[in-house]
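Thanks for coming, everyone. Please have a look at the model on the screen.

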Amino acid sequence: MRRVAVASFIGTAIEFYDFYIYGTAAALVLNDAFFPTLDPVNATLASFSTYAVAFAARPIGSVIFGHFGDRVGRKSVLVASLLLMGLSTALVGLLPGYDTLGIWAPVLLILLRFLQGIGLGGEWGGAALLAVEHAPKKKRGLYAAFPQLGPSVGFFAATGVFWLLSSALSDDAFHSWGWRVPFLLSFLLVGVGLFVRLRISETPVFAKVMEAREASKVPALDVLRRHPRELLLGAGGMVVAYGLFYTATTYCLAYATGTLHVSRNTMLGLSLVACLFLAAGTWLAATRSDGAGRRRLVLAGAGLAVVWGLVLFPLLDTEQPVLIALALGGALFCMGVVYGPMGAYLPELFSTNVRYSGASLAYNLGGVLGGAVSPLVATRLQSAFGSSSVGWYVSAMALVSLVCVLALPETRERELD
């Protein structure tokens, strides 16, 4: 179990590092590098649109990797998703900007971002199943906490690398080549991830399915036939986690540096502090879910988020570093309380022969609704109605998730057949 925990944690940390460096770059530099002919608001929207492409691709990745994960096995699919995600990320660091390639620069950027989304669409479900299907029944929440910590560590690493480069380089150097370094580091990280993942075994639960020849022929269709309610409500439950994260990180980074004129280094440093709140909320809720129940903790996190959405931007608009850290940290703590138990909760909603597809689709469909559109909607709302409207939007997403999870059952006592 120690090797499984390490493999699921390191793999998700690397893949989410790859995913998050794009979000940070989109907020800070991609508008200038790839959309220099647009005015600032439209350039930011264009940058966030390329960012959103990956969320549209993630459900496709869930179907592709979920199909083979439910028919061939969890381990081999996780290796393939890591390779796709890592290489497409590293190639962004080598991609010339608009000044060199013209219109082909943003076109190729969108293609690489799409491939990133395909890769990540297959990552989370496999990593969560790796932990949950190996774990004893009474410790599934504990072991699922390890892949759930991957986003916290990946975000911390991504933000930390950008903060170091921003601090060490001049503004011109950062915008011309410094922002590419975090992407190029992905070449090294892929090698580390492959080394760890190739040393793990297939999950015993899935091995029994293969021995009994009970593998689904078309897992995605079987999910729609047999688990439509769990799929839709599970996706709805994930909306607030995505909405909180990408509003509090990607959008708030762009808003604070562009509209409030808080320095880039200050915001990156405060984002690092806020990430600690995310890790704490994730670990606390995931490990407590074995005793208190997954559903109860997810509901608590969504309820807190309804309230926190209303205070997020009043705190941010003070432009005071301590209050900005509180605003971001509180939002990410709420996100962690929802997100932590989901590592065990979503897999437990589906039967073994379609679990990879079902959990992945629910997780990534929630990303389309909560992650892809939130920076775009927030940018439009703020420009039209002011920052308080963005807070109401966050609270509305939390309310949607609250209602969806209320309609789902508790699962911690279920057997993984």
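**Pockets, cavities and a patch**

Let's begin with a pocket. Three helices each give at least two residues to the lining of the second largest pocket: H2 (30–34), H5 (98–101) and H8 (171–176). Keep in mind that this is a predicted model.

Which helix gives the most to that lining? H5 does, with three residues. The volume of this second largest pocket is about 150 Å³. Find it on your screens: its lining includes Asp 32, Tyr 98, Asp 99, His 175, Trp 179 and Arg 180. By class, the pocket lining has four nonpolar, four polar and three charged residues.

Now the cavities. Rolling a probe the size of a water molecule over the atoms shows where empty space is left. How many cavities of 30 Å³ or more are there? The count is three.

Take the largest cavity. It holds about 100 Å³ of space. Its lining has 13 residues, and those closest to the centre are Thr 24, Phe 155, Thr 249, Thr 250 and Leu 253. Helices H1 (2–28), H7 (140–168), H13 (228–258) and H14 (264–292) each give two or more residues to this lining. H13 has the largest share, five residues.

Next, the second largest cavity. Its volume is about 70 Å³. H13 gives the most to this lining too, with five residues. H1, H13 and helix H16 (321–348) each supply at least two. Among the lining residues are Phe 16, Tyr 20, Met 238, Phe 245, Met 335 and Tyr 363. The class count is 11 nonpolar, no polar and no charged residues.

Last stop, the surface. Which residues make the nonpolar patch of about 500 Å²? They are Leu 83, Leu 87, Leu 91, Leu 94, Leu 184 and Phe 187. Helix H4 (residues 74–92) brings the largest share of the patch, three residues. Leu 94 sits in the loop between H4 and H5. Is Leu 94 buried or exposed? Leu 94 counts as exposed because its relative accessible area is 53%, and the cut-off is over 50%.

To recap: H5 gives the most to the pocket lining. H13 has the largest share of the largest cavity's lining, and H13 gives the most to the second largest cavity's lining. Thank you.

Technical notes
Residues are numbered from 1 along each chain as its sequence is written. This is a predicted model: local features need pLDDT of at least 70, side-chain atom pairs count only at pLDDT 80 or more; totals for chains, interfaces and linings use all residues. Side-chain values use heavy atoms; hydrogens and water are left out. On a 1 Å grid over the protein atoms alone, a cavity is a set of points where a 1.4 Å probe fits but cannot get out, and a pocket is an open set with protein on both sides within 12 Å along at least five of seven lines; lining residues have an atom within 4 Å of a point. Grid points are joined across faces, edges and corners, and a volume is the space filled by probe spheres set on the points. Helices (H or I, at least four residues) and strands (E, at least two) are DSSP runs, numbered from the N terminus. Ala, Val, Leu, Ile, Met, Phe, Trp, Tyr, Cys and Pro count as nonpolar, Asp, Glu, Lys and Arg as charged, and the others, Gly among them, as polar. Patches are made of residues with over 30% relative accessible area and no salt bridge: like charges are joined within 9 Å, nonpolar side chains (Val, Leu, Ile, Met, Phe, Trp, Tyr) within 5 Å. Accessible areas come from the Shrake-Rupley method with a 1.4 Å probe; for residues, only the protein chains shown count as cover. A salt bridge is a side-chain nitrogen of Lys or Arg within 4 Å of a carboxyl oxygen of Asp or Glu. Buried means under 20% relative accessible area, exposed over 50%, partly exposed in between (1.4 Å probe, protein chains only).
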